[in-house]
Amino acid sequence: MVGLYRLLTRWWTAFALAASLALLGAAHAFERFGGLAPCNLCLKQREVYWGAVAIALVATLWHLVSRGSRGTPRIAAFLLAVVFATGTITAVFHMGGEMKWWALPATCSGGGDINLESLAALALGTGPVEKVVMCDAVTWRFLGLSMAGWNALISAALAVFSLLAAKRPKDARAPRN
């Protein structure tokens with residue numbers, strides 16, 4: 001167990017990169033193959049993972065270029081913790097709106113991105129009819145949790161692991177050469 005902890009904290013940015021890409025891939029698969037169109041808050045949650053991909057990719061490349069003699073940079077693990085905590089907050093906000101705990105912004109209820117040209121095209125029948133996806137409508141559940149609920153749990157776990165990697169003990173690092 002200690003060996004797994006050392007491996008995980010030493011290569012955390014690579015694990016975070018893989019996890020973020022896997023979650024983005026799953027979201028796109030649900031959209032493409034499952035027919036579940038994302039709402040505005042779903043897209044905001046994806047932006048968090050794209051930010052995590054950027055940070056983790058740079059840190060992992062740095063780790064590989066520096067031959068990994070001291071493990072991944074702690075600052076990268078801390079930044080990933082902040083990014084994943086932001087994802088947790090966004091997902092909890094989305095989940096709370098789905099559960100009707102609070103009201104969601106107007107852009108989540110179809111009130112955003114309306115312009116005169118799109119209304120005229122819709123009235124004349126020349127433009128495409130775009131179905132507005134409501135953020136407060138749950139389109140998929142598993143074990144009683146919506147996608148936003150699962151995203152909140154996963155983001156929170158990734159934030160905790162990122163903090164553990166940022167605060168790893170000195171013996172988890174390789175000795176200097």
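How do the axes of helix α4 and helix α6 cross, and within what distance do they come? Before I answer, please keep in mind that this is a predicted model, where local features need pLDDT of at least 70, side-chain atom pairs count only at pLDDT 80 or more, and totals for chains, interfaces and linings use all residues. Residues are numbered from 1 along each chain as its sequence is written, and side-chain values use heavy atoms, with hydrogens and water left out.

Helix α4 covers residues 74–98 and helix α6 residues 147–166, and their axes come within 7 Å and cross at roughly 160 degrees. Axes here are lines fitted to C-alpha atoms, for helices over the stretch in contact, with angles from 0 to 180 degrees between N-to-C directions, and helices are DSSP runs of H or I with at least four residues, numbered from the N terminus. That angle makes α4 roughly antiparallel to α6, a term for angles over 145 degrees, while roughly parallel is for those under 35.

Turning to the other pair, α2 and α4 pack at about 30 degrees with their axes 10 Å apart, which means that α2 is roughly parallel to α4. In this pairing, W12, T13, A16 and S20 of α2 meet A76, A77, L80 and F84 of α4, where contact means heavy atoms within 4.5 Å.

Let me finish with F84, which, leaving aside neighbours within four places in sequence, is in contact with A16, S20, Y49, A52, S155, L158, A159 and S162.

Key: Helix = DSSP H or I, 4+ residues; strand = E, 2+ residues; numbered from the N terminus. Parallel < 35°, antiparallel > 145°, perpendicular 65-115°, else oblique.
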